[in-house]
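Good morning, and thank you for coming. Please look at the sequence and the model on the screen while I go through a few features.

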Amino acid sequence: MTDTTPTVLFICQHNAGRSQLGAALLEHLAGDRFAATSAGLSPADEVNPAVAATIAELGMDITDRVPRAVTVDDLDTADIVVLMKPGLTLPSTPRGEVLEWSFPNPESWDADAVRPLREAVSEKIQTALLIR
């Protein structure tokens with residue numbers, strides 16, 4: 001990657017489901033066109049296993065990723081910040097463009113329930129980020 005590669009930061013509450021899904025799907029769909037990262041406001045202990053399972057179906061393993069808290073530095077360096085839930089209270093104002101998407105929290109879902117969410121997030125990434 002070069003310094004001109006835009007960084008996209010996906011944020012949700014726990015950095016275990018929606019934001020991990022967004023970052024992994026952007027990596028899968030865009031390759032090296034973007035640097036994808038994710039964070040949360042109150043991180044969970046692990047990535048949601050159902051989310052990880054649906055990403056594994058695409059040939060990616062995200063089970064070793066560790067949910068983490070969003071930092072002021074994250075918000076200062078991201079070119080695009082994607083809130084996977086509208087209205088999240090961030091620790092500072094993002095420097096880059098902010099997109100507010102609305103996706104349900106898959107916290108207690110199984111893989112069958114997550115697949116339609118995966119497809120909806122994939123479609124949103126393709127229409128909002130990849131056709132720029």
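Predicted model: local features only at pLDDT ≥ 70, side-chain atom pairs only at ≥ 80, totals over all residues.

Leaving aside its neighbours within four places in sequence, which residues is Ile125 in contact with? Contact here means heavy atoms within 4.5 Å. Ile125 is in contact with Phe10, Gly22, Leu25, Leu26, Leu29, Trp101 and Leu130.

Residues are numbered from 1 along each chain as its sequence is written, and side-chain values use heavy atoms, with hydrogens and water left out.

I turn to the nonpolar cores. Such a core is a set of buried Ala, Val, Leu, Ile, Met, Phe, Trp, Tyr and Cys residues joined through side-chain atoms within 4.5 Å. Buried means under 20% relative accessible area, exposed over 50%, and partly exposed in between, with a 1.4 Å probe and protein chains only. The largest core has 29 residues, and those touching the most other members are Phe10, Leu26, Trp101, Ile125 and Leu129. Two or more residues come from each of β1 (7–12), α1 (18–30), α2 (49–56), β3 (80–83) and α4 (111–128). These elements are DSSP runs numbered from the N terminus: helices are H or I with at least four residues, strands E with at least two. The most is given by α1, with 6 residues. A second, separate core holds 10 residues, including Ala39 and Val81.

Next, β1. Of its 6 residues, 5 are buried. β1 pairs with strand β2 (residues 35–40) in the parallel sense over 6 bridges; pairing requires at least two bridges found by DSSP. Within this pair, Val8 stands opposite Ala36 in β2.

In the loop between β1 and α1 we find Asn15. Asn15 is not a glycine, yet has a positive phi of about 50 degrees. Is Asn15 buried or exposed? Its relative accessibility is 0%, so Asn15 counts as buried.

Let us move to helix α2, where Thr54 is found. Thr54 also has a relative accessible area of 0% and is therefore buried. Beyond its neighbours within four places in sequence, Thr54 is in contact with Leu21, Ala111, Val114, Arg115 and Arg118.
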